[in-house]
Number of protein chains: 2
Amino acid sequence: MTTQPGSGTLRSRRIARSRQRLVETALPAFTERGYDAVTVDWLCDQAEVSKRSFFRYFDGKEDLALTPLNDVWRLLIADLDTVLDRSGPLLEVLGEALVAVVERMPAGWERLAVLSTRLSGTTPAVDAAGLLVCERFTDQVVGAITPRLPGSPGAELSARVVCAVAVAGHRAAMAAWQSGPGAETRATRGELCALLRESFATAPAALEIRLP
Amino acid sequence: MTTQPGSGTLRSRRIARSRQRLVETALPAFTERGYDAVTVDWLCDQAEVSKRSFFRYFDGKEDLALTPLNDVWRLLIADLDTVLDRSGPLLEVLGEALVAVVERMPAGWERLAVLSTRLSGTTPAVDAAGLLVCERFTDQVVGAITPRLPGSPGAELSARVVCAVAVAGHRAAMAAWQSGPGAETRATRGELCALLRESFATAPAALEIRLP
DNA sequence: ATGCCAAATGCCACTGAGTGCCAGGTTGGT
DNA sequence: ACCAACCTGGCACTCAGTGGCATTTGGCAT
């Protein structure tokens, strides 16, 4: 978790700082020396955390690599009940909520998010883990939405389809954002939000696409 | 690969038989004793294949577990150029091609496909690997379609969205198919194709879904 | 301040996936 | 029959991830 310093108990702040230190160490190292070449043992050494604690903080090496991205989804999941109280097309609601969550991420999130996105573009294991998190998000949405749309047959499939589109839009936006020149230092949150809005606005028309 | 016996050279038939033996051994074992409890070493022992060869036949343990499902996507990818020569809405074209590929799978495919689907429902690592294969399918479609739709801006995003919907429809259909009573022995290919057609037909309307 | 308890930590040994290397065997073509 | 290419098995190795347990430490009530 990318947590603001100074919140919660001393204990939880220590944990947050350790996690933060690991992420700050890992992402640049992965980028420079390659994901496989950077071992968990080395990272633990650098961040002065025992390997055992590492696996208490993160679900695994991929989870560490995806922290900035996963934080977004986790936060969105945490807010789901509030988000789904709004009315309107589900895809729009999810899109706006996603933008809102991105805007709420802590300062400096951009730099790590860029590295994380690039990493999932180059490292299949990381990409797979990221897709899994998105799928879990979908499950949460389905679980939260079915009771809200009583008696509508096929609501589950519809929710899944909408989430799939949302995830695809998110991935496309992240890919475009990350690929800008000098993105690792210059990519701004405003640009990302604009890309996200654009993806979500364009997506519905995509189903019309025809082969000539 | 679930390959028909008797095709190709002696060498490739040996390989196909070894792969087949591994899959036939693995999927029931995974189901009965649990994915983690069944080790690669044990499987190699059973199928009389060296561990070294195992990793030459499969990309990993997950790839083995997903063989029946992955075969479908791989075959679809192999046929992509032919498939995309048709005209009409991309989603429909992909849907029909998917059904056609399923119908072409070798006899007895159903039994293993059911086990494989269940496995990805219960084992996150397997599910993640499955999602990755679908994502690679998407990449292939994007790569094949961009040159065919010259000068249409946003064609890439559109293709990705359509593939995401196709994948979601496929997953929903497989989940429904596999969950039928006694599916491990009684699930028929006809049922699956019907479910697939239904998913693909219903999907476009899903984007209209609204919150009250 | 003090002392207790639950939670966090570190350490060590262990399992299991996956790989590099190489020597020997099999196959298919000529 | 022979050769080159490819396949195979075996072995040792790395590294991710876990179980168990003794120890520390922050939180909190007194």
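I began with the interface between the two protein chains: 36 residues of chain A are in contact with 36 residues of chain B, two residues being in contact if their C-beta atoms, placed from the backbone, lie within 7 Å. I then looked up which elements of chain A give two or more residues to the side that touches chain B, and found β1 (88-89), α7 (90-104), α9 (124-145), α10 (155-178), α12 (189-206) and β2 (210-211). Helices (H or I, at least four residues) and strands (E, at least two) are DSSP runs, numbered from the N terminus. The largest share of this side, ten residues, comes from α10(A). By class, I noted 25 nonpolar, six polar and five charged residues on the side of chain A that touches chain B. Ala, Val, Leu, Ile, Met, Phe, Trp, Tyr, Cys and Pro count here as nonpolar, Asp, Glu, Lys and Arg as charged, and the others, Gly among them, as polar.

I record that this is a predicted model, in which local features need pLDDT of at least 70 and side-chain atom pairs count only at pLDDT 80 or more, while totals for chains, interfaces and linings use all residues. Residues are numbered from 1 along each chain as its sequence is written, and chains are lettered from A and ligands numbered from 1 in the order in which they are written.

Symmetry. I superposed the copies by least squares on the C-alpha atoms of residues with pLDDT of at least 70 in both. Chain A can be laid on chain B with an RMSD of 0.1 Å by a turn of 180° and a shift of 0.0 Å along the axis. The two copies are therefore related as by a two-fold rotation axis. The same surface serves both, since 100% of the contact residues of chain A recur in chain B.

P89(A) stands opposite R210(B) in β2(B). I next looked up G88(B), which lies in strand β1 (residues 88-89) of chain B. Leaving aside its neighbours within four places in sequence, G88(B) is in contact with R210(A), L211(A) and V93(B). With 11 C-beta neighbours inside 10 Å, G88(B) counts as exposed. A residue is buried if 20 or more other C-beta atoms lie within 10 Å of its own, exposed if 12 or fewer, and partly exposed in between, with C-beta atoms placed from the backbone.

DNA. Around DNA strand D I found 19 residues, of which T9(A), L10(A), G60(A), S50(B) and S53(B) come nearest; a residue is near a strand if its C-beta atom, placed from the backbone, lies within 6 Å of it. The surface near DNA strand D has five nonpolar, five polar and nine charged residues. Around DNA strand C there are 20 residues, and S50(A), R52(A), T9(B), L10(B) and G60(B) come nearest. The largest share of the surface near DNA strand C, four residues, comes from α1(A).

Buried sites. V38(A) is found in the loop between α1 and α2 of chain A. V38(A) is buried, with 21 other C-beta atoms within 10 Å. Beyond its neighbours within four places in sequence, V38(A) is in contact with A26(A), A29(A), F30(A), R33(A) and L43(A). Lastly, I checked α8(B): ten of its 14 residues are buried, so this helix is largely enclosed by the rest of the structure.

Conventions. Two strands pair if DSSP finds at least two bridges between them.
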